[in-house]
Amino acid sequence: MRAALDTALGLARRGSGHAALAGGLLILAAAVLVSVDVLLRKLASVTLGGADELSGYALAIGSTWSFAFVLLNRGNVRVDALYQRLPQALAAVCDMLAILSLLVFVSLVAWHGGGVLAQSWNVGARSNSSLAVPLAVPQALWWAGYAWFVGCAVVLLLRGAVSFFEADWPAVNRLMGARSIEEEAADELGSAVQSLGAGRQP
Amino acid sequence: MIATALFTLLALMALAIPVAAAMGVLGLVLGNMYAMLPVSRVAGEIAWTASNEFLLVALPLFILLGELLLRSGLAERMYESLARWLSWLPGGLMHSNIAACAMFAATSGSSVATAATVGTVALPQARRFGYNERLFLGSLAAGGTLGILIPPSINMIIYAVLTNTSVPRLYLAGIVPGILLALGFMALIALACLWRPAWGGERITSTLAAAFAGLVHLLPPLGVFLVVVGSIYAGVATPTEAASLGVMAGLGLAAWNRTLSWPMLREALLGTMRSTGMIMLIIVAAYFLNFVMSAIGLTTRLTDTVQTLGLSKWQMLFAVIVFYVILGCFMETLSMMITTIPIIAPVMQALGFDMVWFGIVVIVLVETALITPPVGLNLFVVHNLRKSGSMNDVIIGALPFVAAMFMLLLLLALFPGLALWLPSVVSQ
């Protein structure tokens, strides 16, 4: 059970990393598309049209594809004023509640989001623009992010529950504890310091 | 109804439930208790429409621009050339800290990125030249906060989306207060170092020729600023389009500095998506909660309740400032804005405050939240850079700068024109 969950969690982490990176590339593609659109419009008076619509889809898809990445990297913002002062066991209870409540809310959004997708599919809805994009396409990709998140959250919750019932509080914290502000700051700096090293190379 | 909502929200937050989940669950609870029709069904529709809004696309783009600039090696040379111009002032390099932060702020929309970038370059100098460390650290933490006041600004985009305010007007409104605040910081440093000359460290000398030669290194940040902010006012681009052009400029700059590589881009993209995913989930939850609140009439009831309190305009403003200062001690700043602005802004609007002006006030309050303990993220960024010593040094060093921010708030209240003059001139 435990080994299976560890394998599943490893897969979830890898998949979520790839998904987030793909989301990032989508955003980058949106930036390129929008820039080309602006430049053509201003310099050559040519309008591509639809760059705004497509970049909107990139945002919708990119953000849901990064939800699981944020979850597994403990990136969701939590108010930890009280939490930090709790004994480890109680903090672990909070961690379980935290994942559970995320799971409840996001599952609900995913469920009804699925309804939105199903309806677009059934009536063959197209966007109200010159592109007339079949809405089911971007919505399916968007919805896939929610579905993946729900799957990852279930795996994380189960794996956390194993450690929780073994009373292994440090493990619960590593899996799903709130990141301390020190960790947040260290993360920001990690990249800045790296860049300093990189900048010095010829 | 108000008491139930408030109590549920506080309980969820106190349990360290993630902000997005806390708002979502609160929406579900309120919907179940008070709504005539099941409200949760609209959650899907809201999630879709909220997350493909074109203006919001600017958010990941500005985050990406910050991530790129942070890694582009732009800050080092800029800092050096600013130091040549400013280090004769009492307080020496600390003025370059502020100026470099202000300049970086004009290319980046994030305060934390600004403090991290300039701090990394500047901090090694503090010990080398014998500066008073507390004040030096404080100048970096505080200077970094300029990132969100001087355009571009990620927080202003969030504010604009939540209140239907114009981003270009907000950006214009931030310029004068941003420059004023930077000058205020510098005046404060100069006064402190006139009073205690030992705090100012060794004098660094530079020739005028070298100073002029160094000006070249100010061109890249100036260029990014012109591309991102200039294109908006030249009427060429919307904020999202400007952000796209900025990302292209950031990529070009990194390529020019030979810092652009696949691992660098990969890190920048992952960093961007980590912030974007976190913020977008909160935005979806906030839109859902706001929908439920207005569907069950809670929003109107809240506004009515505040009005029956009979507070005058200025009393209310004072209350809001106190509220944000306290809340800023406990909450990450973007989630603080997303949770509170939809409720507070309409009240302020009903009292006759200009929404652009109030936006600037909120941004300055967010800046104070970034450098006040216990969760001022900029304090921790600067503290971590230092790797030794007590956190208290940074906190104490940043305190005088908090005073400067409150001075700015007072000035904004007395002379709203500080924020509103520039937008009014340009729009004519």
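So, how much area do chain B and chain A bury between them? About 6,400 Å², with 77% of it on carbon and sulfur atoms; buried area here is the accessible area (1.4 Å probe) that two parts lose on being put together, summed over both. Trp48(B), Met273(B) and Arg274(B) supply 13% of what chain B buries against chain A, more than any other three residues.

Quick housekeeping. This is a predicted model, where local features need pLDDT of at least 70 and side-chain atom pairs pLDDT 80 or more, while totals for chains, interfaces and linings use all residues. Residues are numbered from 1 along each chain as written, chains are lettered from A and ligands numbered from 1 in the order written, and side-chain values use heavy atoms, without hydrogens and water.

Back to the interface. In terms of contact (heavy atoms within 4.5 Å), 74 residues of chain B meet 76 residues of chain A. There's one salt bridge between the two chains, meaning a side-chain nitrogen of Lys or Arg within 4 Å of a carboxyl oxygen of Asp or Glu. The pair is Glu241(B) and Arg41(A), with the closest N and O atoms 3.2 Å apart. On chain B's side, helix 14 (residues 262-295) brings the largest share, 16 residues; helices are DSSP runs of H or I, at least four residues, numbered from the N terminus.

Definitions and conventions. Helices (H or I, at least four residues) and strands (E, at least two) are DSSP runs, numbered from the N terminus.
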